[in-house]
Amino acid sequence: MRLVKHTILSIVSLIILIAYLSCNEKGKNNVVAKKESVMQIEKSSYGTTTNNEKVTQFKLRNIEGIDVTIITYGGIITEIITPDSEGNMKNVTLGFDSLQQYEKENPFFGALVGRYGNRIAKGKFSLEGVDYNLAMNNGENSLHGGLMGFDKVVWKVEEVKESDLFVSLKLSYLSKDMEEGFPGNLKTTVTYTLNKDNSLDVLYEATTDKTTIVNLTQHSYFNLSGNFSELILDHEVEIDADKFVPVDPTLIPIGDLASVENSPFDFRKMRFIGDAINADNEQIKLGVGYDHCWVLNSQEKGYRFVAKAYHAESRRLMEVLTDQPGMQLYTGNFLDGTLPMPGGGTYAKRSGLCFETQHYPDSPNQPQFPSTTLEPGEKYITKTTFKFSTK
């Protein structure tokens, strides 16, 4: 009898031990799963500039399916890695694999652009009766902030946040009075926030101590195929805009707004970029393709859906939301096969497209356009979102 009791007790003890170990193991697995579901930011060195300034890289990681890598030089997005419909992860933004390449002259790959995104005619504008002169770095015009715009400075890290729903990186830069010819000490912050739903928010904020002009934007080149040897002509695009901004031969607005109706600029319904990019159209010829600002609809609503791009083979979809009045669609018309791709090869003409949410070009010289003037005591604040998914 004692032997039977002893055997029973041994069996019961063994069962309890197995149950305990099983529960403990499940608990461990649950902890690991919970840890993996938390969004994270990874920090690492990205080298030193020729001016001996240290540059840091931040990878905003979303276990749901997207990584965004940003460097403090130019606030540049170097990579956005997203899944296709089969779960294959690829980078969908054009860029380089070294700081040295970003420091060389390049077409603003992934950069924060300021103080003024797009062109200002003849590099001149007037405020409160004072004339200002900017560097003419695009023919006879000023482009994207001048020779040393926001894309060529090292931004300061203000704040890093991690949570179960989002991760964010807040960068700041103080542009001093008359830097690149612009008046006022402009304190600018840009916050990149990667959300759990695979959307990337870009929040721009700025204040000034003197009347100035501001028009900030993000200049990433997208190729949703993830293969930069392929052109973006097979991307379908939709833009919620009934009008666009016609330009002169130097790509400065002529002052009037034109209807997109029955033109290569009508993207109110999804259509391929390649459908009319080589059309026999004066504006297309001037831009060597698309390099124009669309006048976005429903401006009175503020933050809203404005555009999307779709790549059928990978089934990647990118939606754009913003509170801005305009968006420049640029189709990489001036990429010429000289810039190196990571891993080998070079970027060909039209291997990427940009969705630059902003005010219209040359607004300081076009009083009929929405104003880009910022006064002391006011706060410039605007938000744009790029949301990635598959369908």
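Me: In β2, which residue is the bridge partner of S44?

Reply: First, the general idea: strands are DSSP runs of E with at least two residues, helices are runs of H or I with at least four, and both are numbered from the N terminus. Two strands pair if DSSP finds at least two bridges between them. In this structure, S44 has Q57 of β2 as its bridge partner. Strand β1 (residues 40-48) and β2 run antiparallel and are joined by 7 bridges. Together β1 and β2 make a hairpin with 5 residues between them, and N52 in the turn has a positive phi of about 65°.

Me: How should the numbering and the origin of the model be understood?

Reply: Residues are numbered from 1 along each chain as its sequence is written, and side-chain values use heavy atoms, with hydrogens and water left out. This is a predicted model, in which local features need pLDDT of at least 70 and side-chain atom pairs count only at pLDDT 80 or more, whereas totals for chains, interfaces and linings use all residues.

Me: What average pLDDT does the protein have, and where does pLDDT stay under 50?

Reply: The score pLDDT is the predictor's confidence in each residue, from 0 to 100. Where pLDDT is low, the predicted coordinates should not be read in detail. Here the protein averages a pLDDT of 92, and 90% of the residues score at least 70. The stretch under 50 is residues 1-36, for which the model has 2 contacts (heavy atoms within 4.5 Å) beyond four places in sequence.

Me: In what order do the 5 strands of the open sheet stand?

Reply: The order is β19-β18-β21-β24-β25, with antiparallel pairing. At the edges are β19 (258-259) and β25 (354-358), each of which pairs on one side only. Within the sheet, β21 (residues 291-296) and β24 (residues 326-330) run antiparallel and are joined by 5 bridges. Opposite M327 in β24 stands W294, and opposite G326 stands V295. β24 also pairs with β25 in the antiparallel sense, over 5 bridges. On that side, T357 in β25 is the bridge partner of M327.

Me: Which way do the residues of β24 point, and are they buried or exposed?

Reply: In a regular strand the side chains alternate between the two faces of the sheet. From β24, G326, Q328 and Y330 point one way, while M327 and L329 point the other way. A residue is buried under 20% relative accessible area, exposed over 50% and partly exposed in between, for a 1.4 Å probe and protein chains only. By this rule 5 of the 5 residues of β24 are buried, and the strand is mostly covered.

Me: Where is H359 placed, and is H359 buried or exposed?

Reply: H359 lies in the loop between β25 and β26 (373-374). Because its relative accessible area is 12%, H359 counts as buried. Leaving aside neighbours within four places in sequence, H359 is in contact with residues including N215, C293, Q324 and P370. By comparison, Q101 is 258 residues from H359 along the chain, and their C-alpha atoms are separated by 29 Å.

Me: How much space lies in the largest pocket, and which residues lie nearest its centre?

Reply: The largest pocket holds about 660 Å³ of space. Its lining has 25 residues, and N106, P107, F108, N138 and L143 lie nearest the centre. The second largest pocket holds about 210 Å³. Of its 14 lining residues, T78, E79, N91, F96 and P342 are the closest to the centre. Both β2 (54-62) and β4 (77-83) supply at least two residues of this second lining.

How values were computed
On a 1 Å grid over the protein atoms alone, a cavity is a set of points where a 1.4 Å probe fits but cannot get out, and a pocket is an open set with protein on both sides within 12 Å along at least five of seven lines; lining residues have an atom within 4 Å of a point. Grid points are joined across faces, edges and corners, and a volume is the space filled by probe spheres set on the points.
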